[in-house]
Amino acid sequence: MKSPVVMFTHFHKDFVFNHNSSWVKACYAGGTGPYEWHPPNNNGEFINVTDGGILKYKKYYDTTEQEFLIAMGQQATDCYLANENYDAEYYGVGSYRRYLMISDSITELGEKVTVPASQEMVNHLTSDYQMEAALNYFKFADVITNRPRIITQTIEQQYLQYELSEYWNLFKEGIVKTNPSYKPYIKWLTDYNTINYEGVYIMRKDLFKRLVSEYFSIMEHIWQNCSEIYPDKNKKSYPCSEPLPWRYPGFLNERFVPFFVYANALRTVNVPLAFLN
């Protein structure tokens, strides 16, 4: 793939996509052997990201390979892209129904815009026109991501309202262990109430690779020290309202990406998030 920007979109179900985009590509975590999944549809090429390094973390999970890959979700694509060396200056990731409205950032005032899940809309959001708009922003920015929202609690309080505290506390420990220079910035998580969730972003390739490396270092700290790797409410009860608490790798990644941007004082352009519905 030869493009100054590459963006990988993670799929776990059938959904509309523009397989003719020059810079946005569809991905899925296919698994191996008896756990092999198939692409969500046969409408175009899907990159199987399973052989991109994610399976080395399966050793922490006493589950089927399929359960592990579902738990990792988009982070399997993050891992794959971070281990690839495409001839591009900027790497980005997102999910099958979330895109950045880069060229529409001036006219769209909202932080999140619901748009039709049509072929025409997806073609627009993945067009070369969007990539050119991104390159114009990158003349003075390190990161393009979705606009933040203001919440009525701190980032930490909001997380703990729904999720298990054990993984959150180990997450904060892991951040400092991975990069001790981040210690003063932990207050961004505990005392601040503005954040951009949903994990759609494009940044310089070197920054992307460092972000993903640090994230998985933090996750290994969690997996090595937590009491349970895969909390499953089908097997026992847990003190949280989240119905699928085993999804914590993705929930923590949603908080780590903006933390990484903040702690490294990266120059950021925030654009609306397009949600296909």
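Predicted model: local features only at pLDDT ≥ 70, side-chain atom pairs only at ≥ 80, totals over all residues.
Residues are numbered from 1 along each chain as its sequence is written. Local features need pLDDT of at least 70, side-chain atom pairs count only at pLDDT 80 or more, and totals for chains, interfaces and linings use all residues, while side-chain values use heavy atoms, with hydrogens and water left out.

**Stop 1: the helix pair.** Select α6 (residues 165-178) and α8 (residues 205-225); helices are DSSP runs of H or I, at least four residues, and strands runs of E, at least two, numbered from the N terminus. Their axes come within 8 Å and cross at roughly 130 degrees. Axes are lines fitted to C-alpha atoms over the stretch in contact, with angles from 0 to 180 degrees between N-to-C directions.

Now show the contact (heavy atoms within 4.5 Å). From α6, pick residues including Tyr167, Leu170, Phe171 and Ile175. From α8, Ile218, His221 and Ile222 are among them.

**Stop 2: the largest cavity.** A cavity is a set of points on a 1 Å grid over the protein atoms alone where a 1.4 Å probe fits but cannot get out; lining residues have an atom within 4 Å of a point. Centre on Thr145, Asn196, Tyr201, Val257 and Pro258, the nearest to its centre of 13 lining residues. The space is about 70 Å³, a volume being that filled by probe spheres set on the points. Colour α9 (248-263): α9 gives the most to this lining, four residues.

**Stop 3: the second largest cavity.** Its volume is about 40 Å³. Select Glu111, Lys112, Asn146, Arg147, Arg149, Asn196, Tyr197, Glu198 and Leu273 to see its lining.

How values were computed: 1 Å grid on protein atoms, 1.4 Å probe; cavity = no way out; pocket = protein on both sides within 12 Å on 5 of 7 lines; lining within 4 Å.
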